[in-house]
Amino acid sequence: METLFFLIISLVAIVSAILVVTCRNPINSALSLILTFFCLATYYVMLDAPFMAAVQVMVYAGAIMVLIVFTIMLLNIRVNASKSQSHKIVLGTIIGFFTLINTAVIVFKGRVAIPSGPLTGEIIKQQGHTELIGREMFTTFLLPFEITSILLLVAIIGAVILAKKKI
Amino acid sequence: MDIVILGLPMMYYIAMVAKVLVAFVFVLLTVAYSTYAERKIIGHMQVRLGPMRTGWHGLLQPIADGVKLFFKEEIVPAQASTFAFLIAPIIALVPAFITFAVIPFGGVIEVAGYKIPLQVASYVDVASGKVYDINVGVLYILAMSSIGVYGIVLAGWASNSKYSLLGGLRASAQMISYELSAGLAIVSVFMLSGTLSMNEIVNLQSGVGGFDWYIFKQPLAFIMFFICSIAEINRTPFDLPEAETELVSGFCTEYSSMKYAMFFMAEYANMITVCAITTTLFLGGWNGPMATTIPLLGPVYFVAKVYFLIFFCMWLRATVPRYRYDQLMHIGWKVFIPLGLLNIVATGIWNFILQ
């Protein structure tokens, strides 16, 4: 049952990912990308990581893609004219092939293949995925977390200064 | 009873389908009759009668409206982006409905020896007797509400008309800014509950004879959340995206027939969902006097609270004039967000003192 579900979701994910590249209309590409993000969120749910799934939908499909859709709409990018792109296709296929091999080697043979550590699947199920992320983020990784938030603050202030001519 | 499919008893599947149907039909019927109730209530508030002709006191009005919209001609503008134009009403409608999956509308009832929790996305573990639901229920709701924005943005853009585009831009700017303050208001509830599961949040409010509601502990958060939610679903007094005096009908100007009806349904379904979320987070969900001893009282209390809040929304619409756009943005960014942050700090200090 779960395998069947996984296969269906994977099919949708792959088809929508292909549509992101092949759609002529940029808005339709953006919509396909949102669908791909949804499928990724479903994977997180199947991996017992519901918090990651919710955040994936909220941040990527919700916030970031809204900005991209906005940009496309306001710049009014129209359907791009078709050009001869055969050399790009060949180059892209070669690069894609090597990336696939690289990813496969890392996943099956690399350090992430069988992760070891105190957090096993049982402990995560027992204590709760959200609770564990929260605790680690505000104890072990407090400094990186705070530095990231300052970085974001700098970016916001920078945007305000750039947008406002007179302050 | 003993048939087991994929490790789960047959009753599990029957209960799931039944719960989905009940929740869906409940929302659909409430959508239909809240349009009628809105016209009737506002009519009486303005010393009019409201719809009177179709059926007894106009009771068949929603059905007549539905049939009328169904048989209208469907027009797709020549310059519209067809795919986005067709898919926009669906994107607007679906999140409004599926949010109901995580809202508990009653306690655990027992049917033929099998325990069924009255919440669509949940089940009772037979071995431990515990109720399991999505343990990030509130985040799921926030995620779905951020998906709902697309329906309106796409509708505005795909119509290829200036009124639609302006309406769509207004709507999305408004929804994104009020999502933030609504989220901040919910955070203070999390700080009291310590969990993101809707079921747990309701159970935590069952003390003091079923009246240990979070509205008494977090009155400011309740007011902020409710106002922000009304702004997020674009209802009066914050219905600037479809301000008919300025923008004809906003993002749905170019829509006709059933597609227009779908936006209409989405608006009302969103209102019901928001009222249900507010009930769950602040008004104790299905809790009330005797609700834990008599399980069937739970849904009654839940529906009563949701209907009261829907009535409150309509009351607001009849009472408060529309806001100006700069006032709306001012309230959202300069009043609600600082207040929400202050509320979080105050809740934190309070929690610290209590420990």
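What follows is a guided walk through a model with chains A and B, from chain B as a whole to a helix pair and then to chain A.

This is a predicted model, in which local features need pLDDT of at least 70 and side-chain atom pairs count only at pLDDT 80 or more, while totals for chains, interfaces and linings use all residues. Residues are numbered from 1 along each chain as its sequence is written, with chains lettered from A and ligands numbered from 1 in the order in which they are written.

Let us start with chain B. It has 13 helices and six strands; helices (H or I, at least four residues) and strands (E, at least two) are DSSP runs, numbered from the N terminus. The C-alpha trace of chain B spans about 60 × 55 × 45 Å along its principal axes. Of the 355 residues in chain B, 46% are buried, where buried asks for 20 or more other C-beta atoms within 10 Å of a residue's own, with C-beta atoms placed from the backbone. Contacts (C-beta atoms, placed from the backbone, within 7 Å) tell a further part of the story: among those in chain B between residues at least 6 apart in sequence, 74% join residues at least 24 apart.

Now zoom in on two helices of chain B. The axes of H9(B), residues 219-232, and H11(B), residues 257-282, come within 10 Å and cross at roughly 170°; axes are lines fitted to C-alpha atoms over the stretch in contact, and angles run from 0 to 180 degrees between N-to-C directions. The two helices are therefore roughly antiparallel, a label for angles over 145 degrees. On the H9(B) side, Phe222(B), Phe225(B), Phe226(B) and Ser229(B) meet Val274(B), Thr278(B) and Phe282(B) of H11(B). By class, these residues are five nonpolar, two polar and no charged; Ala, Val, Leu, Ile, Met, Phe, Trp, Tyr, Cys and Pro count as nonpolar, Asp, Glu, Lys and Arg as charged, and the others, Gly among them, as polar.

Where do the chains meet? Here 17 residues of chain A are in contact with 19 residues of chain B. On the chain A side, H2 (26-46) and H3 (50-75) are the elements that give two or more residues, and H3(A) has the largest share, eleven residues. This side of chain A has twelve nonpolar, five polar and no charged residues.

Finally, chain A is divided into domain 1 (1-78) and domain 2 (118-167), with bounds from an automatic or database domain assignment. Their C-alpha centres lie 23 Å apart.

Methods. Parallel < 35°, antiparallel > 145°, perpendicular 65-115°, else oblique. Contact = placed C-beta atoms within 7 Å. Buried ≥ 20, exposed ≤ 12 C-beta atoms within 10 Å, placed from the backbone.
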